[in-house]
Structures are given as structure tokens and as C-alpha cells.
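I opened this notebook to record what I looked up in the model, entry by entry.

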Amino acid sequence: MKANVFSYPPLGRVTQLKDKTFQFTALLEVENDHMKDPWEVAVWHSEDGNWEETLLSPASDGDFPTSLQATKPSKTLLYFRAPFFISSLMTFTLKFRNDPNQPWRWSRDASGVTDGLVLINLEDSLHRTDENLGDIIHGLNLELSVKTAASQTPNTQLWTVKADVSPAQEDRSAYADVELGTPWGGALRYFALVRHGSPWLGPRHGSSRFSIDKDAVMCSFLSPQGRHLVLLGVSGPSNVITLLRSSESGSVKLHIRSDDETQSSGLVLAAVGDNFESAIAAAMYHARTVIFATSDTEDKFTRELRSLSHDIKPEWYENWYDGLGYCTWNALGQRLTDEKIINAVEALAKDNVNICSLIIDDNWQDIDYDGQDQYQYGWKGFEAEPNAFPHGLKDTVSRIRSKHPSLQHVAVWHALLGYWGGISSTGELAKTYKTVQVDRDDSNLRGPMTVIAKEDVGKFYDDFYRFLSDSGIDGVKTDVQYMVDTWVSARLRRELTDTYLDSWMIAALRHFSIKVISCMSQVPQLLFHQQLPRNRPPMLVRNSDDFYPDIADSHPWHIFANAHNALLTQHLNILPDWDMFQTDHEFAGFHAAARCLSGGPIYITDVPGKHNLELINQMTGRTPRGKTVIFRPSVLGKSVDPYTSYDEPAILRIGSYHGRAATGTPMLGVFNTFQQHLRELVALSDFPGVLSSVKYVVRAHRSGSVTPILRLDSPTAKLAVSLDVRGYDIFTAFPVTQFSSETNGKIYVANMGLIEKMTGAAAITSYESVLQHNGRVFLDTRLKALGVLGNVTSSDIEVKAMKLTERKGTYISSLPNMSIERDFMVTIQGQPIPPHTVTVNAADDHVLNIDVETAWNEMGLEAGWSNEVEVKIYFDVEHP
């Protein structure tokens with residue numbers, strides 16, 4: 001007999017609540033043959049070391065969490081609940097049995113999930129601003145310089161911590177390893193972002209003793225009282241890098257490297273807050289202040305940066321960020337030719353995959369191929385490889401653009417230093433520009449490389465980008481940026497790192513405006529020097545290691561790492577890029593859902609002719625002018641639980657949000673990154689941006705099912721989620737508007753955006769709902785693309801939902817009792833639409849589907865000046 005138990009608050013996680021009283025809910029999954037057994041579920045819990053048992057009661061009908069997914073036909077879900085009152089940290093686990101005479105079975109034995117923890121954060125116990133850092137970091141090293149600083153984030157405290165480091169000697173860096181202390185005297189949980197590889201960040205987690213295997217840029221520690229300490233090592237000023245390490249005893253140590261010729265100091269920012277987001281924000285905001293204070297605001301670079309940034313128009317952001325892109329890397333292999341690229345674009349067009357951006361990745365350049373591998377190969381000259389591109393780069397781009405005028409952007413790849421191995425010492429570039437030899441030392445490469453010397457770096461980039469622009473290229477993906485940190489010489493790092501970064505930025509803005517992608521650049525000094533300052537336009541920056549299509553274990557880690565890296569990179573002046581992926585891949589939907597939630601760009605790398613068109617259509621839509629766009633939420637996607645590790649059997653939850661505060665749309669993606677089937681209860685409070693004053697309906701993307709109307713304080717405001725290995729879904733919480741009628745009571749309406757899209761709420765550019773004096777409700781929606789609009793309606797008697805196809809969806813609570821022909825009028829661009837394009841949704845009869853795309857085509861409409869679609873819905877709240 002198989003059975004398993006799950007709960008909210010969940011096992012295996014730390015849950016922070018703001019009320020001592022809460023409802024404990026358990027879900028018991030049993031086989032149908034045993035559903036009538038007298039099941040019992042108990043919570044075994046402790047607050048002060050003394051364990052006791054609380055037996056849960058079976059939940060009554062109508063008091064269940066909602067399931068928006070199909071239940072396995074052989075299983076039944078049983079719910080149990082009980083009120084709890086606690087005053088301090090509670091540790092708990094669960095046990096269950098199918099008869100009072102049977103022995104108890106423990107949840108840990110059934111699922112392998114560890115104990116859960118519940119913290120109570122009462123308002124009157126928070127917001128303390130009179131603590132000393134020594135009260136927070138036990139054993140704080142008294143030799144450190146510790147000062148309080150003004151925090152820009154409410155309800156947080158902030159300190160600067162400095163440690164001395166000696167001058168660099170000749171060509172050798174100076175190092176210092178300095179003890180800091182033990183956060184909270186021992187944290188409940190910790191989360192760190194470490195240098196997972198030389199170019200990349202990656203998450204690390206743990207409980208009890210602090211122990212990380214690599215140097216960290218940021219660490220966060222959760223106290224038993226529910227407070228969060230964030231430590232941020234600041235790198236860049238005075239050519240000093242400051243990182244965090246763990247000691248054998250579990251304390252934190254500072255690891256400082258100085259390339260400066262004078263006595264310097266490493267800097268760590270320490271921020272304490274009631275929640276992780278406040279604490280990390282306090283640290284990052286102050287880091288920006290530090291970087292700004294140490295920069296010259298009137299030097300030549302800053303003045304030119306200011307001038308070039310001022311010339312960028314807002315619509316350029318949309319064109320570069322929001323169009324579907326295609327990259328050649330995984331698709332076409334590592335021996336590119338002009339015909340391969342042209343044929344790939346032709347195949348995309350043949351399958352009606354209308355890309356806006358083409359990225360010609362590595363292997364188009366003229367390389368010397370001297371050495372054992374790409375890390376030794378050097379770049380010879382600007383023109384494309386003559387055998388693979390016999391008529392030159394300009395001819396290839398011209399042929400592509402002439403055949404595909406809707407293709408807006410063509411970008412090419414290159415390394416920051418030219419190629420992986422720099423510049424060929426025998427090529428044309430080495431004859432044209434002054435070069436210098438540098439030694440490298442990294443895990444997978446050693447030995448010398450040739451690079452452009454300091455005095456010619458600016459001219460080199462300007463000449464190269466002018467050549468590219470003349471060839472029809474209007475963007476670049478600049479890769480291998482971490483290479484500057486592998487140089488052995490402290491002097492060369494000191495002299496060349498900022499020169500390369502600043503010269504590249506100026507040349508890119510001058511020739512390509514914002515159309516750049518920074519890659520392999522999560523190096524500490526690049527994070528703070530290149531990506532943190534706000535005196536430049538935000539650029540696309542790769543957010544994690546690559547998408548590896550043939551390494552099965554890499555796919556869950558890829559999503560997990562991106563979601564946790566975004567907890568830091570959300571505060572940089574960038575748009576995080578979660579990398580390309582293939583739509584015909586086994587885990588394509590898994591990746592697609594994550595990209596849609598990320599708030600960053602989406603570009604695919606499909607082998608020509610091998611596309612999942614259905615999946616592409618879930619990510620994109622066609623504008624009235626025929627452009628293919630993606631639907632980026634206005635708030636970047638990130639993990640909503642910083643302290644749950646990759647190795648725990650827990651669903652990864654990625655939260656995002658679109659729109660304005662209070663009226664916007666919270667989104668929550670759920671991903672099974674573990675190696676077994678997972679089931680959990682997800683609370684409405686887990687969605688970013690939900691408010692206690694607002695009512696919501698939640699829709700599941702994959703099933704199309706919609707919940708009844710929910711409020712945060714409702715005991716049913718939880719979702720029962722079940723995911724197979726690599727399973728995923730996206731839940732969107734739509735705020736509902738209430739209208740009162742004399743004949744039908746209260747009627748609730750929610751605009752669901754384009755319901756066939758993964759993040760279709762982000763297709764809404766504006767929305768207005770009004771109850772007119774004649775008793776008719778007027779709903780006015782502007783959309784950035786065609787599709788099915790969904791609207792949902794409900795009344796006091798029942799909740800109803802309406803949705804549109806490329807549909808717009810609207811939830812209307814009273815829709816099941818209404819007649820489309822009698823009670824509704826729908827127009828597009830002011831004209832009535834064909835009646836057959838307005839239907840009741842098959843998955844939920846509270847959702848009205850409006851097939852905007854079909855109506856648009858049948859009506860022969862053309863785009864207006866705004867390139868938006870305006871859909872107006874009228875219905876009578878006093879319907880019979």
C-alpha cells in the first residue's frame with residue numbers, strides 16, 4: 001500500500017509567517033482502493049526541544065486547496081487541517097496511518113523530505129535599527145574597520161567592513177585572508193553565490209555549519225529569529241577584489257586580492273533585514289553608491305558614455321529585447337559557412353518561424369588554428385573566414401536581409417580579446433595594431449596569448465565595429481570576457497582590464513546602441529565595474545553557464561542556477577539572458593517556461609527544419625505589423641525561496657510579476673528539478689506582489705483550469721501541485737474587479753491576457769474596466785500582439801471566467817448563466833468582430849475566449865500608428 005503526505009507549511013523548507021496563529025494543512029495521496037480507510041495524519045512538532053503530537057482533522061467539503069492539474073486516476077487526495085499557535089521557531093515532521101490500530105509511517109521514510117521549519121516574524125519584533133554588527137556576527141574580528149552606513153532600503157541596517165591588504169609587488173598581486181566571524185553564531189540556513197567557474201556564478205546552500213567549496217561574491221544567512229544577514233564582497237575600486245570563504249569552524253573569511261601599487265583595503269557590505277529581498281537590495285544599492293563615489297564623473301570615458309546614452313531611443317529597447325531571436329551555435333555546429341546560415345534562415349521562414357534577430361555565433365571568423373584547441377587559436381583579420389564565406393561577410397548579410405526584410409537585426413559573436421586565444425601573432429591584426437604578450441593561468445588554459453596593447457584598444461574596437469556596421473551587422477555578442485581575470489600579471493590586469501571594458505562599451509554604443517550581449521562576464525570586477533553602474537543603458541548579460549543539449553543532468557541545474565543568480569543580477573543595470581535553447585529538445589517546454597518567466601530575451605538554436613511550432617507559439621505572438629514578439633514580464637523572474645538547495649526534493653518556484661503595483665499580475669512558475677515525482681501545496685502568498693486587499697483567480701497554463709476567487713486569508717488559497725521529473729507549469733494570479741448588480745448580486749471580472757501564451761498577461765499594455773450608468777460593463781484592453789484574449793467573470797453564486805484565442809481571455813464570474821449572443825458585444829479597433837470568434841472556454845466555462853487573431857485576419861484590419869490591438873467588451877450585469 002503506497003501513500004505519501006505533503007503539507008503547508010511545507011516539509012524540507014523554512015516558512016516565515018507574520019502571525020502566531022495559522023492553519024496547518026496536510027495533503028495525503030493514497031491509492032483508490034484505500035480511500036475509505038480511517039486515515040489519520042499527525043504533526044510531530046517542537047518549539048523548545050520537547051516534541052509533541054497534534055492530530056489533524058479531515059477537511060470538510062469545500063474547504064480544500066484547489067488542484068488545477070489532473071489527478072492520476074489510481075490516486076485520491078485527502079486533506080487534513082488544524083489550527084496552530086506558536087511563539088517561536090517550530091520544527092516539525094508528519095506521520096500517517098490508515099487505521100488507528102496500525103503503526104505510524106513517517107513522511108521522511110515515505111518521501112525522503114527533511115523536517116520543516118516555521119518562523120514567526122511579528123511586526124513589533126522586526127525593524128530593529130539599533131543593533132551592533134558584533135551582535136549579529138559573533139566573534140567579529142576587532143581588527144576590521146566597521147562603520148554604519150545609511151541604507152537606502154526601509155527597515156534594514158547597513159555596515160561597511162574593511163580589511164587592509166598590502167600593495168602589489170612588481171608584477172605579483174598581494175593577497176590577504178582575514179577572519180570575519182560567524183553570522184548569528186550559527187545560521188539556520190545559508191545561501192551563497194560562488195564563482196561556479198571562472199566566468200560564471202552559481203548557487204550554494206546549506207544549514208548549520210557554513211561551508212562552501214568556492215569563493216563567493218555574496219552570502220546570506222537566516223537567523224533562528226527570521227532575520228537575514230547579507231554579506232556582499234565589493235570588487236573593482238582600487239583594483240581590489242574581495243570575496244568570501246568559509247573556515248573549517250564554519251565562520252566567514254575575507255579573501256582579498258590587490259593589483260594596486262599602494263596600500264589598499266577590501267570591502268564587504270553587511271546588510272540585515274526582515275527578508276532576503278530587502279537585505280540584498282540594501283547591499284546592492286550601497287555598492288552602486290561606492291562605485292559611483294570612486295569613479296571620475298568628468299573623465300573622457302564618462303562624458304562620451306553620457307553623450308552616447310542620451311541618443312538612445314526607447315523603441316530601440318523593445319526592438320532588441322522583445323523580438324524572437326535565433327542563434328547558430330547549437331543549431332549549425334562549429335564550422336559555419338555562409339550557405340549553412342542562409343539555409344537555416346530559409347528553413348525558419350519556410351516553417352513560419354519569423355525571427356527578429358539572427359546571432360551568427362562562434363566560428364565565422366578568420367582564425368589561425370595554431371595550437372591544441374580553441375583556447376590557443378588566434379584571430380587573424382576582420383573579414384570572415386575566406387573559405388566558408390568566399391564572398392565576404394557583407395555579401396552573406398546582404399543576401400539574408402534582401403530575402404528576409406522582416407529580420408531586423410543581425411549580430412555576430414566575438415571574444416572580448418578577439419578570439420579565445422586572443423590575436424594571431426602572424427595575422428593582419430597583429431601587423432595593424434600594437435600588441436602585447438600576456439600569460440594566463442586558469443583551470444583549463446595556461447600559457448601566453450597575444451592581445452591588443454593598451455594604446456590601440458580603442459582604435460581596434462572602433463575599426464572592427466565600423467567594418468561590421470559597413471557589412472550590415474548591427475549587434476554583437478561579446479564573449480569570453482572573463483579572460484582578463486586569468487592573466488598572471490597584476491600590472492597588466494591593472495592597466496588593461498578597465499581599458500578593454502570601457503573601450504568596448506564606447507565602441508558598442510557608438511556603432512550598435514544597445515544591441516550587445518555580454519557573455520562569460522560574471523567575474524567580480526566586471527559585475528561591479530561594467531554591469532552595476534546606471535550611467536549607461538542596460539544591456540543583455542548572460543546569467544549562467546550554457547545550455548548543453550546533450551548533457552541530461554545539466555538541464556535542471558541550468559534553470560535552478562539562473563533562478564538563483566537572478567537574486568543578485570536583478571539589481572545590476574542589465575537584462576539577464578538565460579541563454580538559447582532548442583524547441584525540439586526533450587526538455588524544451590521546461591526551458592521555454594523558464595525563459596518566458598525570466599523577463600529576459602528568448603532566442604532559439606534549432607537545427608533547421610526541427611522546430612516545435614506549438615511551443616514557439618506559446619512563447620511568442622504576431623503584432624499587427626507582422627513582427628514576432630515575446631511576452632516579457634515587467635519584473636525579472638527569480639527564485640522565491642533563496643534557502644532551498646538543489647539537492648533537496650523540493651519544487652523550484654520562480655516568481656515574476658507584470659504591471660503596476662496592486663493592479664498587476666503575479667506569476668509563479670513551478671519546476672521539478674529533482675530526480676523523482678514531487679507533490680507540494682503552493683500558497684497564494686508565494687506569488688510575488690499579491691495583496692491582502694485584492695481578490696484573485698489563478699489559472700494554470702498547461703491545463704487552462706481556473707480556481708474559484710481566492711484571497712490571501714482564505715484557507716483554500718493554496719494549490720495542490722504535482723510534477724513528474726522535469727515537469728513544469730506556470731500559474732498566473734489575475735486580480736479581479738467587482739461589480740454590483742440588482743438582479744445578480746456581485747459579479748467579478750478578470751482580464752487574462754492572451755491565454756494560449758505562457759506569460760500572456762504580459763501581452764496587456766493597458767486595461768480599463770468601468771460600470772457604465774446604463775448597467776453595462778465596459779472592458780477596454782490594449783494588446784501588443786494578436787492571439788486569444790481571455791476574460792473571466794463570476795458572481796456571488798459562482799465564479800466565472802472569460803478568455804480570448806490568439807486568444808484573449810477574460811474571467812467573468814457569471815458567464816455560465818449568460819448568453820454570448822444576447823449579453824455581449826465585442827469590437828476590435830472599434831468594429832464588431834465575427835460572432836464565431838467569441839466563445840466560452842472549453843476548460844472553464846467562466847472564461848470567455850476572444851479569438852483576436854482570427855477576427856483580425858477575417859476583418860482585414862491593418863495596424864495603426866501604435867502597433868497595438870484594442871479590444872472592447874460590453875456586457876450587461878443585469879442579464880436575465
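Which residue in E13 is the bridge partner of Thr-148? I found that Trp-159 is the bridge partner of Thr-148. The model is predicted, with local features requiring pLDDT of at least 70 and side-chain atom pairs pLDDT 80 or more, while totals for chains, interfaces and linings use all residues. Residues are numbered from 1 along each chain as its sequence is written, and side-chain values use heavy atoms, without hydrogens or water.

I looked up strands E12 (residues 145-149) and E13 (residues 156-165), which run antiparallel and are joined by 5 bridges. Strands are DSSP runs of at least two residues and helices (H or I) of at least four, numbered from the N terminus; two strands pair if DSSP finds at least two bridges between them. The hairpin has 6 residues between the strands, and Asn-155 takes a positive phi near 60°.

Arg-257 entry. I located Arg-257 in strand E20 (residues 252-258). Arg-257 counts as buried because its relative accessibility is 13%, buried meaning under 20% relative accessible area, exposed over 50% and partly exposed in between (1.4 Å probe, protein chains only). Its side chain makes a polar contact with the side chain of Asp-485 at 3.0 Å. A polar contact is a pair of N or O atoms within 3.5 Å; within protein, one must be able to donate a hydrogen and the other to accept it, and residues adjacent in sequence count only if both atoms are side-chain atoms. The C-alpha atoms of Arg-257 and Tyr-175 are separated by 4.6 Å, although the two residues lie 82 residues apart along the chain.
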